[in-house]
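Here is a short report on a protein model, read from its atoms. It covers an interface, some salt bridges and a few individual residues.

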Amino acid sequence: MSVASTLCFSTFVAGPTMGRYNDDFDDGEDLADFDDNDFAEFEDMNDDPAAEAETAPPPRASPSSQPEEDEDEDEATVELEDGLDGFEDSETQDQDMYSKYDQEEFEGIGDMEKTGHSMKDPLIIHTVPAHLQNSWESYYMEILMVTGLLAYIMNYIIGKNKNSRLAQAWFNSHRELLESNFALVGDDGTSKEAVSTGKLNQENEHIYNLWCSGRLCCEGMLIQLKFVKRQDLLNVLARMMRPACDQVQIKVTLNEEDMDTFVFALGTKKVMARHQKELQDLSEFCGDKPKSGAKYGLPDSLAILSEMGEVTDGMMDNKMVHYITNHAEKIESIHFSDQFSGPKVMQEEGQPLKLPDTKKTLLFTFIVPGMGNTSPKDMDALLPLMNMVIYSIDKVKKLRLNREGKLKADRNRARVEENFLKQTHAQRQEAAQTRREEKKRAEKERIMNEEDPERQRRLEEASQRREQKKIEKKQMKMKQIKVKAM
Amino acid sequence: MKSIIHRQPKLCRVEDKRVNMTEPIQVFNVCLWCCRYKPPSTESNPTLEDPTPDYMNLLGMIFSMCGLMLKLKWCAWIAVYCSFISFANSRSSEDTKQMMSSFM
């Protein structure tokens, strides 16, 4: 604003001074003529701006009256640019000039003098704001972010390497046992021939798989090493609040003839309660609350879910109890089932259900000691548990229910199937109805689309005859039922 | 049920256990059926999959769009972080090209 006003004043001052310069070069007579001719038409107008100036602030009045004359002056004079040089000279002549101005025509001259003085004040240099400066301080945000990213990348590399070392340590300690028990150790499913790759499949930076097959009594065994996400910094920070531990999950799938019909589970109380709610087979076949394992000599922390008492008695022999008692802190859950189909499926509405596919499975979930801060040496502690797994496979193959047990098991399975069919009866009826309607609609459309009227008539007659037959059949059936009832 | 195609025979040398060391080692060639590994299909158990990399990918894209349109620097930085987290949690089977493009 101050710069603009100074510029205005400079033009104002330059204008008349330029005029004066020209006038100095010209004759005095011409000056009068010049004044009369050029300013004559503005004389009236000068009064009006002068009158307005009385109401407007005084400094504004002079520039508002002058620019009209200045315009003419600028057009007339050639030395507009030189006027800038002349500006400095004009400053010195300021006081003389102002005194020459007619007081009637110009108001606020005194104020102008004051503003003219202000133009002589020294220029104030302002300091450049920080964000426009080119120094390190202005980039502190970027430096912070990049440092964070570098920390994340470092953690990623360290975490990935640690997980990889743990997985390798586990495999090295278990390799001998696995190779002596299975013909195929390590398979990714891509090669044509069944050749052992002899190494783990890396699914993720924190999940490693191993597929073993080629053993009597079982179809195959999938071992999953599920480590905590050491490679993700966010996860590392979350684990500081809520500790998590590395897990080893083993899933043994058996052939049809290798297992009798029973469902059995053992594990920590919390996990058993959760599994009973979430897993399909445990919720259907093991309806009772988890029982304490103390009866069989197991630690109190473990609970048992079983279809029948006979199964528990059969499974909990001395060797098994010995294994479990010695390694109770490493066992999260053990689950043997001939009806395993995974967690309960959330049913969508209007969808007719089929019974989910079941598979004879043994599931083991082990916890790696160390609660997240594991070292490769801790992996050796899991070797006895693998021995337990091999022993369990053979045990399950040998365990056969007696006659009563078998009957009970078969009744249970029939009951579950019946319940399922009842629940879905309505849905299946609806589905059948919609299918029938679809068929009818399709047929009608076909008849309508038929161009030849002769054929149309014939098709219509045929469909009518078919419907008539169906109605007759139904009536016959109803009659038969009535007769039987009587 | 695994199909027959997945089962392949494999010849193995099995050494019988000796009761006492004086007996000779008996070696048998046993033909065992091996089932091939079949990766579990993700359609059958979507709940078991970890959704973190997908969510982080989406968040990263949203933040990068916000940062671009609204000219907010902090949005852009969060987008970079999201893409890094998504990369760290991603599965090995995913396309590397897709991950690199998410970094962009």
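In which strand does A:N201 lie? A:N201 is part of strand β2 of chain A, residues 201-202. The model is a predicted one.

A:N201 is buried, because its relative accessible area is 18% and the cut-off for buried is under 20%. Its side chain reaches the backbone oxygen of A:D187 at 3.3 Å. Leaving aside neighbours within four places in sequence, A:N201 is in contact with A:D187, A:D188, A:I207, A:Y208, A:N209 and B:Y37. One of these contacts, B:Y37, belongs to chain B.

## The interface of chain B and chain A

The contact draws 40 residues from chain A and 27 residues from chain B. About 2,900 Å² is buried between the two chains. Carbon and sulfur atoms give 59% of that area. On the chain B side, B:R36, B:Y37 and B:W77 lose the most area to chain A. Together they account for 25% of what that side buries.

The rule finds three salt bridges between chain B and chain A. B:R36 forms a salt bridge with A:D187, with the closest N and O atoms 2.8 Å apart. A:D187 is also the residue whose backbone oxygen the side chain of A:N201 reaches. Three elements of chain B give two or more residues to the side that touches chain A: β1 (7-15), β2 (27-35) and α2 (73-89). α2(B) gives the most, with 10 residues. By class, this side of chain B divides into 15 nonpolar, five polar and seven charged residues.

## Chain A overall

Chain A has 486 residues, and 40% of them count as buried. It holds 15 helices and 10 strands. Take the contacts in chain A between residues at least 6 apart in sequence: 71% of them join residues at least 24 apart. The accessible surface of chain A comes to about 30,100 Å². Carbon and sulfur atoms own 54% of that surface.

Side chains of opposite charge can pair when their charged atoms come close. Over all chains, the structure holds 18 salt bridges. One of them joins A:R215 and A:D394, with the closest N and O atoms 3.2 Å apart. This pair links distant parts of the chain, 179 residues apart. A:R215 sits in strand β3 (residues 207-215), and A:D394 in helix α13 (residues 383-398). How do the two partners compare in accessibility? A:R215 counts as buried, at 14% relative accessibility. A:D394 counts as partly exposed, at 26%.

A:D317 and A:K395 meet through their side chains in another salt bridge, at 3.5 Å from N to O. This pair also links distant parts of the chain, 78 residues apart. A:D317 lies in the loop between α11 (309-315) and α12 (318-326), while A:K395 is in helix α13. Are A:D317 and A:K395 buried or exposed? Both are buried.

## A salt bridge within one helix

A:E418 forms a salt bridge with A:K422, with the closest N and O atoms 4.0 Å apart. Both residues belong to helix α14 (residues 403-449) of chain A. They are four residues apart, so about one helical turn separates them. A:E418 counts as partly exposed, at 47% relative accessibility. A:K422 is exposed, with a relative accessible area of 59%.

A:D260 counts as buried, because its relative accessible area is 7% and the cut-off is under 20%. Its side chain reaches the backbone nitrogen of A:L401 at 2.8 Å. Not counting residues up to four places away in sequence, A:D260 touches A:D338, A:L399, A:R400, A:L401 and A:K406.

Notes: Residues numbered from 1 in each chain as written. Chains lettered and ligands numbered in written order. Predicted model: local features only at pLDDT ≥ 70, side-chain atom pairs only at ≥ 80, totals over all residues. Heavy atoms only, no water. Contact = heavy atoms within 4.5 Å. Buried area = accessible area lost by both parts, 1.4 Å probe. Nonpolar A, V, L, I, M, F, W, Y, C, P; charged D, E, K, R; others polar. Buried < 20%, exposed > 50% of the residue type's maximum accessible area, 1.4 Å probe, protein only. Polar contact = N/O pair within 3.5 Å; in protein donor to acceptor, adjacent residues only side chain to side chain. Areas by Shrake-Rupley, 256 points an atom, 1.4 Å probe, with all protein chains shown as cover.
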